[in-house]
Amino acid sequence: MTENADVIKVEGLTKVFNNSLTAVDHIDFSVKHGEIFGFLGPNGAGKTTTISMLITVLRPTSGKATVLGGDIAKQSLDVRSSIGVVPQEYTADEDLTGQENILLCADLYGIPRSVSKKRALELLQLVELTGFKDKRVQTYSGGMRRRLELACGLINRPKLLFLDEPTLGLDVQTRAATWNYVKMLKKEFGMTLFLTTHYLEEADALCDRIAIIDHGKIVVIGTPADLKDGLGGDIITLGIQKETDITDLISKIEHVKEVKKENGSYIIKSANGELTAPLIIEALRKNGHAVTKLSLTKPTLNEVYLQFTGKSMRDAEESKDNVFRQRMTMRRARQ
Amino acid sequence: MTEDKLSKNRFHGLWALTNRDLKKWYQNPIVFVIGIIQPILWLALLGKAMNISSIFSSSSIPALPASLAATLSPQQIQGLGTYFGQMSNTIMSSTFGTTSYFSFMAMGMVAFVTVFTTAFVGISVVFDRRLGFMNKVLSTPVSRSVIITSKVISASIRSVFQAAIVTVIAFLLGLQLGANFTAFSIFGVFAIVFLIGFGLASMFTAITLRTTRMETPQAIFNLVTLPLMFASSAYFPINKMPNWLQAIANVNPISYTIDAVRRLMIFGNGYSQLPLDFAFVGVFAAVVTTICVMLSWRFLNR
């Protein structure tokens, strides 16, 4: 497969459970070689169902997809041999040691022991578990288990790694460490990564491109920067002492796209807030206006999400109980 | 990153998965010890309590009434005593094929311990599903039938081990070996236990393949165990059962397993029936395993 080819290509992929629950609804997207592609959406949006179809453990109801050039329906064995998977839940066997778990994964890929023994040690070192390799997994912390899952997912040296909610339930420190591993995989090994997340900041920090998915449909795809820029840029809120209208004055300043007056303050949209803000202050000072307040906010993915789905990501999450119920329903449907 | 030369063997991962299950068993001392204690209890308590041969011993027969004794000569009385003394053995031999009921039942337990052992496969399948391990395995290039077969093989190996333990305990508690017994007989017992273990483990796996509920394998275990046990020759010979029960016991593969084990170990009347026993259990194992593998293609590829 050439460097420029699409690593994943999805056309009209759909999954309907029990003839009634449409978890994934005619989605199209492609993932390029060497990028980190993220699926962002609330719980129950269809992220795990999509991953399950791409890693060939769940049959699509309709549509088609190729992963590393292999058709997920017809060449599932080839696809499974060449990808790596780090599932959402902890899948390691608690009764075995970390090293035994990795070797077991290697056996499942048909990697000869002569190779896998050496590679298991390398991977344990990579995820900093060398000191715990002979301890049973039941003694591991959440972060250590995540790292072990990662090591297992890398045992066949995949060109494409699937990560389903890689930092779900992890503390801030462990999450940051996981992000570093993900970035390192891309940088050091040129790996392509497909990940799902419902954390906006994670998608923003890690992904080269994001697809926002809601109710089984992709609502928008783009780089985090493009998506945010698409909203009209940064927002500067400005207050001045005098009650004169300065809309025209500000409109002429570089990068300013829109000026609105609301409750005595000016809401200014700028393509580049950092450059515009000093220019505004300078222009106002020249014209004898005293600035009483000025703030600059950069749009976040939450605003992007709001724009395309009509609700904020936090509203979509709803209550914890609801999330749990939704997750259990989906899990039961998937099984 | 370099390309791996992955195994093209369709059965790769079979031993790795089997070994994982076995490791979970023998590295867990509690499960291991309980697994051994259970057959000890069956044999030592039930096997010894049901002392059927004592019912027919001359001590169970009251002394002759004085009026009857007066009409008989001392030689005749002595003859009657000898007759009744031998009657116990005659009744036991014609009913159970051996004079020791304990030996009869112990060999039934050898076969039956496979039911207890293999029933746990269902629980282990459900556990693997619930704990996500199954999902992990499904995302690797391991064949679906290998996943299931590994469970079945590990259960069969455990069954053979348990059967060996029961045999040793039975021997220590006074098992009376048959006239035909040779060291070779032991291998015959292991062979048939492995076959029935294979069949039963496939059956329990097939039933629980689709479920994620813990209650299902337990309910099935309760539902299946007792009929399998009582509608077999484990405790009582089939030809002394009512006709309707005979009909069931005669198609119960456990009966054939038990028959083979008894013929090999304690009966003295030859091996003529053995080929039929092995054929019946073998066909049962082959059919059920085939069904189970076909179901695994259907249900594990969702």
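Reply: In this predicted model, the cover over the buried residues of helix 3 of chain A includes helix 4 and helix 5 (142-153) of chain A, together with helix 1 and helix 7 of chain B.

Me: What makes helix 3 of chain A largely enclosed by the rest of the structure?

Reply: A residue is buried if 20 or more other C-beta atoms lie within 10 Å of its own. Eleven of the eleven residues of helix 3 of chain A are buried, and the helix is therefore largely enclosed by the rest of the structure. Among them are the charged residues E100(A) and D107(A), as well as I102(A), L103(A) and L104(A).

Me: Why are helix 3 and helix 4 of chain A called oblique to each other?

Reply: The axes of helix 3 (residues 98-108) and helix 4 (residues 113-126) of chain A come within 10 Å and cross at roughly 130°. Angles of 65 to 115 degrees count as roughly perpendicular and those over 145 as roughly antiparallel, so a value between these two classes is oblique. Helix 3 and helix 4 of chain A are therefore oblique to each other. Their crossing is right-handed.

Me: Which residues of helix 3 and helix 4 of chain A meet, and how do they divide by class?

Reply: From helix 3 of chain A, G98(A), Q99(A), I102(A), L103(A) and A106(A) meet S116(A), A120(A), L123(A) and L124(A) of helix 4 of chain A. These residues divide into six nonpolar, three polar and no charged.

Me: What follows helix 3 of chain A?

Reply: Helix 3 of chain A is followed by G110(A), whose phi is positive, near 75°.

Me: How many residues does each chain give to the contact between chain A and chain B, and which element of chain B gives the most?

Reply: Chain B gives 28 residues and chain A gives 25. On the side of chain B that touches chain A, the elements giving two or more residues are helix 1 (14-26) and helix 7 (133-138). Helix 7 of chain B gives the most, with five residues. By class, this side of chain B has eight nonpolar, 13 polar and seven charged residues.

Me: How is chain A divided into domains, and what distance separates their centres?

Reply: The domain assignment gives domain 1 (6-227 + 305-334) and domain 2 (232-297) of chain A. Taken over C-alpha atoms, the centres of these domains are separated by 44 Å. The C-alpha trace of chain A spans about 80 × 50 × 45 Å along its principal axes.

Methods. Residues are numbered from 1 along each chain as its sequence is written. Chains are lettered from A and ligands numbered from 1 in the order in which they are written. This is a predicted model: local features need pLDDT of at least 70, side-chain atom pairs count only at pLDDT 80 or more; totals for chains, interfaces and linings use all residues. Axes are lines fitted to C-alpha atoms, for helices over the stretch in contact, and angles run from 0 to 180 degrees between N-to-C directions. Helices (H or I, at least four residues) and strands (E, at least two) are DSSP runs, numbered from the N terminus. Angles under 35 degrees count as roughly parallel, over 145 as roughly antiparallel, 65 to 115 as roughly perpendicular and the rest as oblique. A crossing is left-handed if the near helix is turned anticlockwise from the far one by less than a right angle, and right-handed if clockwise. Two residues are in contact if their C-beta atoms, placed from the backbone, lie within 7 Å. Domain bounds come from an automatic or database domain assignment. A residue is buried if 20 or more other C-beta atoms lie within 10 Å of its own, exposed if 12 or fewer, and partly exposed in between; C-beta atoms are placed from the backbone.
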